[in-house]
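Subject: Structure handover

Hi,

Here is the structure I promised to pass on to you. Please open it alongside this note, and then read on for what I found in it.

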Amino acid sequence: MFKPLIAALALCLPLAAMAQRLALSFDDGYDPDRLPQARALNNQLLKALKDNEVKSILFAAGARVDSQEGMNLVGQWLEQGHQVGNHGYSHLNLHQDQVSLDRYLSDIERNEDLLARLPSWTRRYRFPYLKEGHTEARRDGVRQWLSAHGYGPGAVSIDASDWYYDQRLRAWMAQHPGQSPQVFRQPYIRHLLDRADYYARLARQATGREIDHVLLLHTNTINAMFLDDVIAALREAGWTLIPPREAYADAVYQEAPDTLPAGESIVWSLARKQGLPNLRYPAESEKYEKHLLDALGL
């Protein structure tokens, strides 16, 4: 039903993503204490993954899922063959001066204790906000700790602002009760295709080859609502969706770029290390998207 729209969106963008491979990853987990519809959204997201035969990974932030219901929702990801990784307990920003290295590492361990209640989880860590430290001591301290504790990479290569589109969607829905939120579908898919194309090109510049990509998304309303369409659009644009364990086998995720402040997409970090031009900072932000949605009246 949505194929004409998807094809039109794909034609609007360069086909740099043709023959490329990509894994989906999701951050946070649905919070039943704050979202009455958490179970319905979780089910909707998992159904889209199942219907499209896609395996993914959820990086769970403990404070959002630290309840019986919250952990049940996380457990559903494992039951359906997805992976669950560590996103820290309190979703701390390592670039904030008030967040000490010791506090940050203790927060990772606290989330380990929570995830240990599950039948299994994957020792991968995803930095909240993709911030990996604004000083050498913080950056290297966390890297050394993760290595010593057996963590594999949890980086992303394709960053996006799905969280901001979700904020705008929910605000619009509150202001327009009873109206269809489908008006967000096209702008949102366009945004993700644009970001995938950009980071695919940047990866080729920074590494000289095609890499297996990992796309950062979040467990939110917009993805529960449109993930079917997102997957279809990615495939229409030439992306092959692969499990995260395959993507993380790419050697690019073993890189530890010597940059400060550290973080963002691994591709962005490698490009910055090499001094490639025209890299905006932060790499993704609402300030780059606000005028686009404002112009659409969304």
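A word on charges before the numbers: Lys and Arg are counted as positive, Asp and Glu as negative, while His and the chain ends are left out. Counted that way, the chain carries 33 positive and 37 negative side chains, and 3 Å separates the centres of the two sets. Please keep in mind that this is a predicted model.

Now the overall build. The chain has twelve helices and five strands. Its radius of gyration is 18 Å, close to the 19 Å that the globule rule gives for 298 residues, so the chain is as compact as a globular protein of that length. Along the principal axes, the C-alpha trace spans about 50 × 45 × 35 Å. If you take the contacts between residues at least 6 apart in sequence, 83% of them join residues at least 24 apart.

Next, surface and interior. Of the 298 residues, 56% are buried. In soluble globular proteins, nonpolar side chains tend to be buried together. Here, the largest nonpolar core holds 88 residues, and those with the most contacts inside it are Leu-24, Phe-26, Leu-49, Tyr-104, Leu-227, Leu-234 and Trp-239. Helix H8 gives the largest share of this core, ten residues.

Arg-195 sits in helix H8, which covers residues 185–207. Arg-195 counts as buried because its relative accessible area is 9%, and the cut-off for buried is under 20%. Not counting residues up to four places away in sequence, Arg-195 touches Ile-158, Asp-159, Ala-160, Arg-280 and Glu-284.

Glu-246 belongs to helix H10, residues 244–247. With a relative accessibility of 36%, Glu-246 counts as partly exposed. Its contacts, leaving aside neighbours within four places in sequence, are with Arg-21 and Asp-212. Arg-34 lies 212 residues from Glu-246 along the chain, and their C-alpha atoms are 34 Å apart.

Conventions
Residues numbered from 1 in each chain as written. Predicted model: local features only at pLDDT ≥ 70, side-chain atom pairs only at ≥ 80, totals over all residues. Heavy atoms only, no water. Helix = DSSP H or I, 4+ residues; strand = E, 2+ residues; numbered from the N terminus. Buried < 20%, exposed > 50% of the residue type's maximum accessible area, 1.4 Å probe, protein only. Contact = heavy atoms within 4.5 Å. Rg over C-alpha atoms; globule rule 2.2 N^0.38 Å. Charge placed at Lys NZ, Arg CZ, Asp CG, Glu CD. Core = buried A, V, L, I, M, F, W, Y, C linked by side-chain atoms within 4.5 Å.
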